[in-house]
Amino acid sequence: QVVASDLHGDTTNGPIWNFSIGSWGISCPGLPTVRYGNKTYKTVKIGNQCWLKGNLDIGTMIDGSIDQTDDGTIEKYCYDNNTINCLIYGGLYQWDEVMQYNKDGARGICPTGWHIPTTSELDELIITVNYDGNALKAINQGIDEGVGTNISGFSAMLAGEMYPFPSHHFTYIESLAAFWSSTKDNTGRFHHFDLNRRNQEIYVGVESKQYGFSARCLKGNNPPVIPYDPQPSNNSSGVFTTLLLRWACSDPDFDTLTYDVYFDVNNPPLARISSNQADTNIVVEIVSGGTYYWRIIAKDVLGDSTIGDVWRFTTINVI
């Protein structure tokens with residue numbers, strides 16, 4: 001809202017305007033926080049993706065002068081070997097460590113149900129924020145043309161890195177953020193993306209696995225199960241002409257579901273009679289006797305959907 005005033009002290013209140021940033025910056029529906037290790041992480045939904053909102057900070061700190069080689073425990077670097085920096089910026093991890101030596105696929109050191117993002121998943125994030133690195137940085141991270149706006153809610157901290165050559169040392173804190181991908185290229189190098197303090201560019205590249213970079217976790221998502229248990233049951237006959245259609249459905253990730261309902265005399269049904277409803281039932285009124293077909297499309301909060309089977313029933317004749 002803008003309030004305009006003149007030299008005589010008269011003022012006029014302008015209208016209240018609002019804008020929307022779509023699905024950016026809100027917590028993941030039904031999952032506002034995740035408890036992992038001894039820390040609680042907030043979540044953020046960006047487009048159709050659900051991210052941990054903070055840089056991962058899990059594991060036992062080891063000295064930055066040595067490689068993370070003990071695959072029996074999670075090891076981390078804290079910038080300048082200072083545990084306070086892990087609390088602020090998260091840990092720094094070499095690629096083998098962040099991926100836990102590929103013992104559990106792309107999950108790496110992430111919580112159960114989460115994983116280190118692939119390059120294509122990072123590309124989706126970058127496209128969603130319109131290639132604007134400032135949208136990913138925490139407020140006031142960066143300078144000049146690179147000041148963070150954090151309109152995405154990603155809240156990236158410029159955590160620096162552990163630079164391994166010619167010997168291990170920490171560098172670029174408050175100047176650079178680098179995040180590992182789970183993807184490696186055919187030359188044996190490993191994908192990552194970087195943010196820097198002076199501009200809004202997002203740099204995507206490959207690097208040696210010996211670098212110590214930050215880690216972010218992305219929620220794995222399973223689509224809803226196929227809707228089941230229709231009422232009236234499939235192939236029923238003698239159904240009354242005003243009835244309550246009911247069904248059941250669930251989601252492997254316990255996501256909140258909504259439903260589109262298709263119902264008509266065609267097989268498959270083409271008429272959508274309800275969109276994005278939360279209830280697992282709907283009243284329909286039939287104007288003539290005959291055979292009717294219906295199906296349910298179940299959708300979760302992260303954009304995945306499952307098309308249900310076509311069910312049919314035959315009504316009693318209308319006199």
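Me: Are Cys78 and Cys86 buried or exposed?

Reply: Keep in mind that this is a predicted model. Buried means under 20% relative accessible area. Here Cys78 is buried, and Cys86 is too.

Me: What joins Cys78 to Cys86?

Reply: Look for two sulfur atoms within 2.5 Å, since that pair counts as a disulfide. A disulfide joins Cys78 to Cys86, with 2.0 Å from S to S. Next, read the torsion about the S-S bond. For Cys78 and Cys86 it is about -105 degrees, so this disulfide is left-handed.

Me: How many disulfides does a search of the whole structure find?

Reply: The search finds three. One of them is formed by Cys28 and Cys50, whose sulfur atoms are 2.0 Å apart. The torsion about their S-S bond is about 110 degrees, so this disulfide is right-handed. Cys28 sits in the loop between strand E2 (11-13) and E3, and Cys50 in strand E5, so the pair ties together parts 22 residues apart in sequence. Both Cys28 and Cys50 are buried.

Me: Which cysteine forms a disulfide with Cys110?

Reply: The partner is Cys217, and the two sulfur atoms are 2.2 Å apart. The torsion is about -95 degrees, so the disulfide of Cys110 and Cys217 is left-handed. Now locate the two ends. Cys110 is in the loop between helix H2 (95-98) and strand E8 (114-115), while Cys217 is in the loop between E13 and strand E14 (218-219), so the pair ties together parts 107 residues apart in sequence. Cys110 counts as buried at 0% relative accessibility. Cys217 counts as buried at 1%.

Me: What is the pairing when the bonded cysteines are numbered in sequence order?

Reply: For the protein chain, the pairing reads 1-2, 3-4, 5-6.

Me: Why is Cys249 too far from the closest cysteine sulfur for a bond?

Reply: Check the distance against the cut-off: a disulfide needs sulfur atoms within 2.5 Å. The closest cysteine sulfur to that of Cys249 is in Cys50, 20 Å away, so a bond is ruled out. Cys249 is buried, with a relative accessible area of 15%.

Me: How do I read a hairpin? How many residues lie between E3 and E4?

Reply: Start with the pairing, then look at the turn. Strand E3 (residues 33-36) and strand E4 (residues 39-46) pair in the antiparallel sense over four bridges. Arg35 stands opposite Thr40 in E4. Two residues lie between E3 and E4, and Gly37 in the turn has a positive phi of about 65 degrees. Now follow E4 onward. E4 and strand E5 (residues 49-52) also pair in the antiparallel sense, over four bridges. Thr43 stands opposite Leu52 in E5. The hairpin of E4 and E5 has two residues between the strands, and Gly47 takes a positive phi near 65 degrees.

Me: Is Lys76 buried or exposed?

Reply: Lys76 is buried, with a relative accessible area of 10%. Lys76 is found in strand E7 (residues 75-76). Its side chain makes a polar contact of 2.6 Å with that of Asp57.

Conventions
Residues numbered from 1 in each chain as written. Predicted model: local features only at pLDDT ≥ 70, side-chain atom pairs only at ≥ 80, totals over all residues. Heavy atoms only, no water. Buried < 20%, exposed > 50% of the residue type's maximum accessible area, 1.4 Å probe, protein only. Polar contact = N/O pair within 3.5 Å; in protein donor to acceptor, adjacent residues only side chain to side chain. Pairing = 2+ DSSP bridges.
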